[in-house]
Amino acid sequence: MLTLSGVTKRYPTGDRALTDIQLTLPKGQVMALIGPSGAGKSTLIRCVNRLVEPTQGSIRLEETEITRLSGNALRQARRSMGMIFQEYALVDRLSVMENVLSGRLGYVGFWRSFLRRYPQDAVAEAFRLLERVGLPHAIDKRADALSGGQRQRVGIARALLQSPKLLLVDEPTASLDPKTSRQIMRLIRELCAERELAAIINIHDVALAQQFADRIVGLRAGEIVFDGLPNELTSDMLTTIYGEEEWDTTPEPMDDEPAAEPPRARVFEGLAAGGAQ
Ligand SMILES: Nc1ncnc2c1ncn2[C@@H]1O[C@H](COP(=O)(O)OP(=O)(O)OP(=O)(O)O)[C@@H](O)[C@H]1O
């Protein structure tokens, strides 16, 4: 449903962020995009919704050639791509419900949204989504009264209110504790399955990617160097993506630190567990 062909991005500074990216994402697939800082993950996600202009290549979402669009047509195409952000991008002084409804801003007219009068069907759907993401009790709360995990749930509900075909997710768990991170990844995965939504999730946590994605793509210096199943991501592959490191060793305790008991979780435990939980 999403196809990138020969996508290259060179920033005006001369930085070459992406080189000749070929990628096809079928309906309903959750793809994790991993790679070191500066590998081009954010650039790739932003090229798909044209927040960043690719220098070369084409991006097609179903029948729509995204790279050829401008003006109204581009705005319409962007509605079919829900964005979920690391820092949630909520309006703090607005309620949870108003934040979710802002996902419909692209659909309702300017004055209607300015006056915050949303159609009844949008309000009903927002209620359903808030229930689904586990926040039915928080509808009237101000966004700044929520925890990080709750804020991310609002961000997810807002993205879904657009009825997107594709989710573009940029570091959804970077500011969250390990348990909340897992809950958020599990929720995204379940919602993608329920709605046959494809997702590209830019993520640094390799174990989370292995546990919750159907497919992993590894970028290094703007090129795809790995594209496979979570259980195909061996330590050799991690070295190809990130560079030399002893991936399967548990960190040694410091001299004055007692040995941890039981041993710390390792990246490859995600691999052994296999699939989503
Ligand atoms: N607006 C910009 N102007 C110039 N160069 C940029 C710009 N944004 C990114 N770059 C460069 O493009 C390359 C890819 O950056 P990008 O942010 O896409 O990487 P990333 O993999 O998302 O990194 P991180 O994991 O740290 O977020 C880097 O060399 C970066 O310096």
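Colleague: Which residues touch the most other members in the largest nonpolar core?

Modeller: Please keep in mind throughout that this is a predicted model. In soluble globular proteins, nonpolar side chains tend to be buried together. Here the largest nonpolar core holds 69 residues, and the members that touch the most others are Met31, Val100, Ala199 and Ile201.

Colleague: With which residues is valine 100 in contact, leaving aside its neighbours within four places in sequence?

Modeller: Valine 100 is one of the core members that touch the most others. Once its neighbours within four places in sequence are set aside, the contacts of valine 100 are Ala126, Leu129, Leu130, Val154, Ala157, Arg158 and Leu161.

Colleague: Which strands stand at the edges of the open sheet of six strands?

Modeller: The open sheet has mixed pairing and runs in the order S6-S7-S8-S3-S9-S10. A strand at the edge has a single partner strand, so one of its sides is left without a neighbour in the sheet, and this holds for S6 (81-84) and S10 (223-228).

Colleague: What is the average twist from one strand to the next?

Modeller: For the sheet with the order S6-S7-S8-S3-S9-S10, the twist from each strand to the next averages 20°.

Colleague: Which helix gives the largest share of the shell around the ligand?

Modeller: The shell consists of Tyr11, Thr13, Asp15, Ala17, Gly35, Ser37, Gly38, Ala39, Gly40, Lys41, Ser42 and Thr43. By kind, these divide into three nonpolar, seven polar and two charged residues. The largest share, three residues, comes from the helix at 41-48, which is H1.

Colleague: Which residues of H1 are buried?

Modeller: Helix H1 is mostly covered, with six of its eight residues buried. Those six residues are Lys41, Thr43, Leu44, Ile45, Cys47 and Val48.

Colleague: Is glutamate 196 buried or exposed?

Modeller: Glutamate 196 is placed in the loop between helix H7 (178-195) and S8, and its phi is positive, near 50°. Most residues other than glycine have a negative phi. Because 12 other C-beta atoms lie within 10 Å, glutamate 196 counts as exposed.

Colleague: What is the phi of aspartate 20, and how many C-beta neighbours does this residue have inside 10 Å?

Modeller: Aspartate 20 lies in strand S2 (residues 16-25). Although aspartate 20 is not a glycine, its phi is positive, at about 50°. Aspartate 20 counts as partly exposed, because its number of C-beta neighbours inside 10 Å is 14.

Key. Residues are numbered from 1 along each chain as its sequence is written. This is a predicted model: local features need pLDDT of at least 70, side-chain atom pairs count only at pLDDT 80 or more; totals for chains, interfaces and linings use all residues. A residue is near a molecule or strand if its C-beta atom, placed from the backbone, lies within 6 Å of it. Helices (H or I, at least four residues) and strands (E, at least two) are DSSP runs, numbered from the N terminus. Ala, Val, Leu, Ile, Met, Phe, Trp, Tyr, Cys and Pro count as nonpolar, Asp, Glu, Lys and Arg as charged, and the others, Gly among them, as polar. A residue is buried if 20 or more other C-beta atoms lie within 10 Å of its own, exposed if 12 or fewer, and partly exposed in between; C-beta atoms are placed from the backbone. A nonpolar core is a set of buried Ala, Val, Leu, Ile, Met, Phe, Trp, Tyr and Cys residues joined through C-beta atoms within 7 Å. Two residues are in contact if their C-beta atoms, placed from the backbone, lie within 7 Å. Two strands pair if DSSP finds at least two bridges between them. Axes are lines fitted to C-alpha atoms, for helices over the stretch in contact, and angles run from 0 to 180 degrees between N-to-C directions.
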